[in-house]
Amino acid sequence: MSDVIEQYLIKHEPYYHPVADEVTLYEAAYSARIPMMLKGPTGCGKTRFVEFMAWKLKKPLITVACNEDMTASDLVGRFLLDAQGTRWQDGPLTTAARYGAICYLDEVVEARQDTTVVIHPVTDSRRILPLEKKGELINAHPDFQLVISYNPGYQSLMKDLKQSTKQRFGALDFNYPDHDTETEIVSHESGINKAISTKLVSIAERARNLKGHGLDEGISTRMLIYAGNLIAKGVEAQAACRVALVRPITDDPDMRDALDAAVATFF
């Protein structure tokens with residue numbers, strides 16, 4: 001394997017706790033080289049799932065954090081000037097297509113629609129990537145797959161994928177795990193005991209019921225792990241929850257008081 005792409009191999013197994021049949025479905029999609037779209041709230045395990053599947057399939061993973069300033073050149077590549085003159089630098093999508101990696105576009109709706117159009121030729125039966133500036137046409141490596149993710153809760157008319165883009169992908173829905181599974185995940189990832197982990201998950205479940213009623217987003221599994229990490233380091237539980245769970249998700253004084261009260265009922 002090329003040194004260019006070997007750096008993107010996942011060397012150690014990422015911890016991932018399956019919650020349904022997503023692993024089997026993804027494996028089937030990869031075997032058919034179907035591009036995949038992962039939909040779910042922030043911090044529910046979409047990125048960890050992609051990392052786990054890349055490790056399981058023994059394929060390199062190139063991750064791109066999408067943003068509104070990202071251009072098509074950021075994905076496919078551009079000419080650069082150096083001491084020897086002008087040279088071409090492949091972008092992450094081109095590198096993945098050329099060498100056979102999984103390319104993961106995280107929060108793809110943050111990118112402009114004129115940028116995401118560049119993925120169309122490589123996500124249908126053609127599996128080609130035109131490099132117009134270079135005058136090169138790349139036929140995607142047989143191992144190449146494109147995976148995108150986004151949070152449907154943040155969808156708007158200004159930030160959504162075109163149907164012409166969506167219909168090129170298979171889709172998996174993600175959500176926060178059930179109580180017992182989430183307790184196991186938080187305990188494993190942070191090193192706290194299950195009794196404390198159960199309390200943290202119960203706090204999150206109460207907060208998630210407030211989504212749309214004062215909170216834009218509920219407390220994520222990732223945030224629970226952060227709180228668990230602080231507790232494992234000796235931070236008092238209520239203080240850890242205040243820092244990792246309550247303060248990051250709201251600035252509203254009344255909502256903070258309500259969440260602090262929920263924390264106090266468990267700790």
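1. Which side chain does E189 meet in a salt bridge? The partner is R48, with 2.9 Å from N to O; a salt bridge here is a side-chain nitrogen of Lys or Arg within 4 Å of a carboxyl oxygen of Asp or Glu.

2. A word on the ground rules: this is a predicted model, where local features need pLDDT of at least 70 and side-chain atom pairs count only at pLDDT 80 or more, while totals for chains, interfaces and linings use all residues. Residues are numbered from 1 along each chain as its sequence is written, and side-chain values use heavy atoms, with hydrogens and water left out.

3. The protein chain is assigned domain 1 (3–173) and domain 2 (179–266), with bounds from an automatic or database domain assignment. Their C-alpha centres are 31 Å apart.

4. Nine residues of domain 1 contact nine residues of domain 2 (heavy atoms within 4.5 Å). The two domains bury about 840 Å² between them, with 57% of it on carbon and sulfur atoms; buried area is the accessible area (1.4 Å probe) that two parts lose on being put together, summed over both. On the domain 1 side, Y15, H17 and G43 lose the most area to domain 2, together 57% of what that side buries.

5. The rule finds one salt bridge across the interface of domain 1 and domain 2. The whole structure, by comparison, holds 18 salt bridges.

6. One of them joins the side chains of D124 and R168 at 3.4 Å, N to O. This pair links distant parts of the chain, 44 residues apart: D124 sits in the loop between α6 (113–116) and β6 (128–131), and R168 in the loop between α7 (163–166) and β9 (170–173). Helices (H or I, at least four residues) and strands (E, at least two) are DSSP runs, numbered from the N terminus.
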